[in-house]
Amino acid sequence: EERRGEERRERRGEEGGEEGEEEERRGEGEERRGEEGGEERERRGEERRGEEREERRGEERRGEETRSLSTASHPCVELIRSDNRVAQLPLSLSDGRWHHICITWTTRDGFWEAYQDGERLGTGDNLAPWHPIKPGGVIILGQEQDIVGGRFDATQAFVGELSQFNMWDRVLRPVDIMGLANCSAYMPGNVVPWIDANVEVFGGASKAALEICEDRAFES
């Protein structure tokens, strides 16, 4: 009886040992699977990050191409009211030559016209109709002011030359615009006339003597 009891205990011990070994093997298998799963997740994460980097590079290249196209061959010229109403103007100013530009706008129906070198190139309407320009503002040439007279962004600065900026309180007739464009008429603005002594320059801009009708490079 004692021998049988010892044999049974021994067999149970062996079975328990085998079960323990089996549990250990299962644990090692799960650990290996966990390591393999972690490596797979890490590989997938690296692939996703690589795809995101490539996508960002592609977006940057597309952005650079768009900026190059915009500035080199299709510069964007806009007429923007203070209430953020915008009109795209069909003007071409990237040939390095002097051009006469005239923009008309009326509050009555928001009708606008864009002239280049005396020729009307575009029209539109409903640009901030019945929204008169309020008094007390500041006229800034060559920059965009986010607040009255300030908060400028160097990336929004005009690059080039300009002269003879005038502003009237009425819409000029086409014959008047042509006369200004071909230098056959002298008509200073009755709201803002171009007076050289009144023009102040800032931020690296400079003033130079210019005989505009002699130096203008387009055919009248």
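Partly exposed residues, a surface patch and a pocket

Visitor: Why is isoleucine 139 called partly exposed?

Guide: In this predicted model, isoleucine 139 has a relative accessible area of 45%. Buried means under 20% and exposed means over 50%, so a value of 45% makes isoleucine 139 partly exposed. Isoleucine 139 sits in the loop between strand 5 (119-124) and helix 2 (174-181).

Visitor: What makes the nonpolar patch on the surface?

Guide: Ile139, Leu141, Phe158, Leu162, Met167 and Val191 form that patch, and together they have about 500 Å² of accessible area. Patch residues need over 30% relative accessible area; Ile139, at 45%, passes that cut-off.

Visitor: Why does glutamine 164 count as partly exposed?

Guide: The relative accessible area of glutamine 164 is 39%. Phi of glutamine 164 is near 60°, a positive value in a residue other than glycine.

Visitor: Why is cysteine 183 called partly exposed?

Guide: Cysteine 183 has 29% relative accessibility, so the term partly exposed applies. Cysteine 183 lies in the loop between helix 2 and helix 3 (212-215), and its phi, near 65°, is positive in a residue other than glycine.

Visitor: What is the volume of the second largest pocket, and which residues are the closest to its centre?

Guide: The volume is about 1300 Å³. Of 35 lining residues, Leu141, Leu162, Val199, Glu200 and Val201 are the closest to the centre. The lining divides into 22 nonpolar, nine polar and four charged residues.

Notes. Residues are numbered from 1 along each chain as its sequence is written. This is a predicted model: local features need pLDDT of at least 70, side-chain atom pairs count only at pLDDT 80 or more; totals for chains, interfaces and linings use all residues. Side-chain values use heavy atoms; hydrogens and water are left out. Patches are made of residues with over 30% relative accessible area and no salt bridge: like charges are joined within 9 Å, nonpolar side chains (Val, Leu, Ile, Met, Phe, Trp, Tyr) within 5 Å. Accessible areas come from the Shrake-Rupley method with a 1.4 Å probe; for residues, only the protein chains shown count as cover. A salt bridge is a side-chain nitrogen of Lys or Arg within 4 Å of a carboxyl oxygen of Asp or Glu. Helices (H or I, at least four residues) and strands (E, at least two) are DSSP runs, numbered from the N terminus. Buried means under 20% relative accessible area, exposed over 50%, partly exposed in between (1.4 Å probe, protein chains only). On a 1 Å grid over the protein atoms alone, a cavity is a set of points where a 1.4 Å probe fits but cannot get out, and a pocket is an open set with protein on both sides within 12 Å along at least five of seven lines; lining residues have an atom within 4 Å of a point. Grid points are joined across faces, edges and corners, and a volume is the space filled by probe spheres set on the points. Ala, Val, Leu, Ile, Met, Phe, Trp, Tyr, Cys and Pro count as nonpolar, Asp, Glu, Lys and Arg as charged, and the others, Gly among them, as polar.
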